[in-house]
Amino acid sequence: MSVVDLRGGVVTLERARDAVPTEPGVYAWWSLPGALPGITGPCHPDGEHELIYVGIARSGPSSVATLRSRVLGNHVRGTTGQSTLRRSLAALLFEQRNWRSRFTDRPLLVPDDELRLDDWMQQHLALTWAVHEEPWTMEAQVIAELTPPLNQSANSSHPLYRVVREARRRWRQAAQEVSERTSDE
């Protein structure tokens, strides 16, 4: 598979509900320019989207995720507890949007704000994907070639790596402080 496959026509989240296949593969999330404060990614050939995140959906002995279950189940209809993408988006947007969080073993948006994140994603994000039987064999290569700013794994040399990491640290700290305050009451 070539990374060119991920630079094809972007699909809105609404259209993705019917179009994402039930096979393993690689997917890319694209945002409208300026949607995430301080975050820019490589431009899509359409000139209207920037790459922000790349992920894989693997099918194998330890996992049975398909592109459909990973993208729609974990990212689109999931929660910040199920999706690294959603956690990064929440970390980058929670202060600006006044979203509320709680803490379990990680920061999570409260249910109403999970819905607000759903709405934000619907308005600002689009997808591309490529079917591949063994996507884990190419994940690091795709990240290295496409340089998505929100990927933290295999991407520590990205210029925005520290920005995303710091936003996630601040969100974690804020969620822990809220949980501590509410447990003291």
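A residue is termed buried when its relative accessible area is under 20%, exposed when over 50%, and partly exposed in between (1.4 Å probe, protein chains only). The structure is a predicted model, in which local features need pLDDT of at least 70 and side-chain atom pairs count only at pLDDT 80 or more, while totals for chains, interfaces and linings use all residues. Residues are numbered from 1 along each chain as its sequence is written, and side-chain values use heavy atoms, with hydrogens and water left out.

Helices (H or I, at least four residues) and strands (E, at least two) are DSSP runs, numbered from the N terminus. Helix 2 (residues 67-76) is mostly covered, with seven of its ten residues buried. These are L67, R70, V71, L72, N74, H75 and V76. They pack (contact: heavy atoms within 4.5 Å) against helix 1 (13-19), strand 2, strand 3, helix 3, helix 4 (111-124) and strand 8.

Strand 2 (residues 25-31) is largely enclosed by the rest of the structure, because seven of its seven residues are buried. G25, Y27, W29 and S31 point one way, and V26, A28 and W30 the other way. Strands are paired if DSSP finds at least two bridges between them. Strand 2 runs antiparallel to strand 3 (residues 50-57), to which seven bridges join it; here V26 stands opposite I56. Seven bridges also pair strand 2 with strand 8 (residues 125-131) in the antiparallel sense, and A28 has T128 as its bridge partner there.

In helix 3 (residues 84-97) lies R87. Leaving aside neighbours within four places in sequence, R87 is in contact with T80, G81, Q82, R106, R168 and W171.
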